[in-house]
Amino acid sequence: MAGAAENSSSVVAAADDEVEFGFERPEMYKGKLAGTVDPPYDRHVFLCYKSYDCWPSRVEESDSDSLPKLLSGALKARKNDIKVKTRLTVCEGREGTEFSDGDVLIFPEMIKIQDSDVDSFVEDVLVNGKPWASGVPEVLAGSHVFVCAHASRDRRCGVCGPALIERFKEEIELRGSNDQVFVSACSHIGGHKYAGNLIIFSADAEGKITGHWYGYVTPNDVAVLLDQHIAKGEIIDHLWRGQMGASVEHAERADEHKIPNGKDLKKSEKPKGDSGQVKKESVATCCQGANGFSCCKDESSEVKEITEVQGSKGLGKFSCWIGKWEQSEVLAAVAVVGAVATVAVAYSFYRRSG
């Protein structure tokens, strides 16, 4: 009877935790998410260290956890010398797994460094940008998901994080993507009230790696994140907090941060009808493109010249989807029309004068 009573109490406690700290808490979806990644940064360093359930609240400052404290202190000491704004987070490290204690992961470079001396690592790699001299860095493949499960820092992360990690592993297994998508628990990343919090490092269609932050994520959102963000490169707007490298003000304009579709990227069709009659709403700036697709190649002078000609001659606005040969035909057609009009005016003048 005593055992049954204890089990019943545990169930009730778990239910209470879910209501107060989990996915059913009243504050869910109350806060604005876009633009909540602060401050902006351009490089994320993860130190693999022990299991998330034994991290103290301030693991980077704990006297009993010398490695995180040592790396955090070295980064702070050389902060003004590190040209690339760098953020440090602790993630799980377990012997016999992909990431072991003491490994350092660097994004967006997508490399893993093992057995590194802290001072040498900070000096050579982060300050001077040199290759790691003490060994060959391992290139990381696939997509990497880091879920905040830092229970000692905030109960909400402690309740939501492990549940999300479990669901990610289940969904990854179902898709047979164990060698393509990797999920790890991580320490506090800011914004406890947005739990479940996570960061996804994944390549877009051009192979560029960017860290995207998501909040208010529930187990029901995991499949969507895998199928849309990771597989297709489509940002999930209502959960998106921002991305690495974006300022708060810029990140608030979520529509400007659509990443090109990944595996399902398809070439957009050419607008139908007269190329000179393209509707204004279907035209985007060249570098932004339409429907999230970019057609720019380093803002070539060729594109700039075409834009200038269109503006000065009043030929109307052309989308980047129109090829150079089509634009040449339009310009030629305009020239012919102009010539015909000139002849007609001259002939009319001749008849009146005669």
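# Close-up views of a predicted model

**View 1. Cys 148 is a buried cysteine.** At 2% relative accessibility, Cys 148 falls in the buried class. This structure is a predicted model. The closest cysteine sulfur to that of Cys 148 belongs to Cys 157, 3.6 Å away. That distance is too far for a bond. The cut-off for a disulfide is 2.5 Å between the sulfur atoms.

**View 2. Cys 157 is in no disulfide.** Its nearest cysteine sulfur is that of Cys 148, at 3.6 Å. Cys 157 is buried as well, with a relative accessible area of 2%. How many disulfides does a search of the whole structure find? The count is 0. A disulfide is a covalent bond, and it joins the sulfur atoms of two cysteines.

**View 3. Phe 46 and Phe 146 form a stacked pair.** A search of the whole structure finds 9 aromatic pairs. One of them joins Phe 46 and Phe 146, with ring centres 3.9 Å apart. Why is this pair stacked? The planes of the two rings meet at 10°, so the pair counts as stacked; the cut-off for stacking is under 30 degrees. The partners come from distant parts of the chain. Phe 46 sits in strand E1, residues 43-48. Phe 146 sits in strand E6, residues 143-148. They are 100 residues apart. Phe 46 is buried, at 0% relative accessible area. Phe 146 is buried too, at 1%.

View 4. Phe 201 is buried, with a relative accessibility of 0%.

**View 5. Four phenylalanines form a cluster.** Which residues belong to it? Phe 46, Phe 107, Phe 146 and Phe 201 are linked by ring pairs.

**View 6. Arg 87 lies over the ring of Tyr 41.** How far is Arg 87 from the ring centre? The distance is 5.4 Å, and Arg 87 sits over the face of the ring.

Conventions. Residues are numbered from 1 along each chain as its sequence is written. This is a predicted model: local features need pLDDT of at least 70, side-chain atom pairs count only at pLDDT 80 or more; totals for chains, interfaces and linings use all residues. Side-chain values use heavy atoms; hydrogens and water are left out. Buried means under 20% relative accessible area, exposed over 50%, partly exposed in between (1.4 Å probe, protein chains only). Rings of Phe, Tyr and Trp (its six-membered ring) pair if their centres lie within 6.5 Å; planes under 30 degrees apart count as stacked, over 60 as edge-to-face and the rest as tilted. Helices (H or I, at least four residues) and strands (E, at least two) are DSSP runs, numbered from the N terminus. A charge sits over a ring if NZ of Lys or CZ of Arg is within 6 Å of the ring centre and within 35 degrees of the ring normal.
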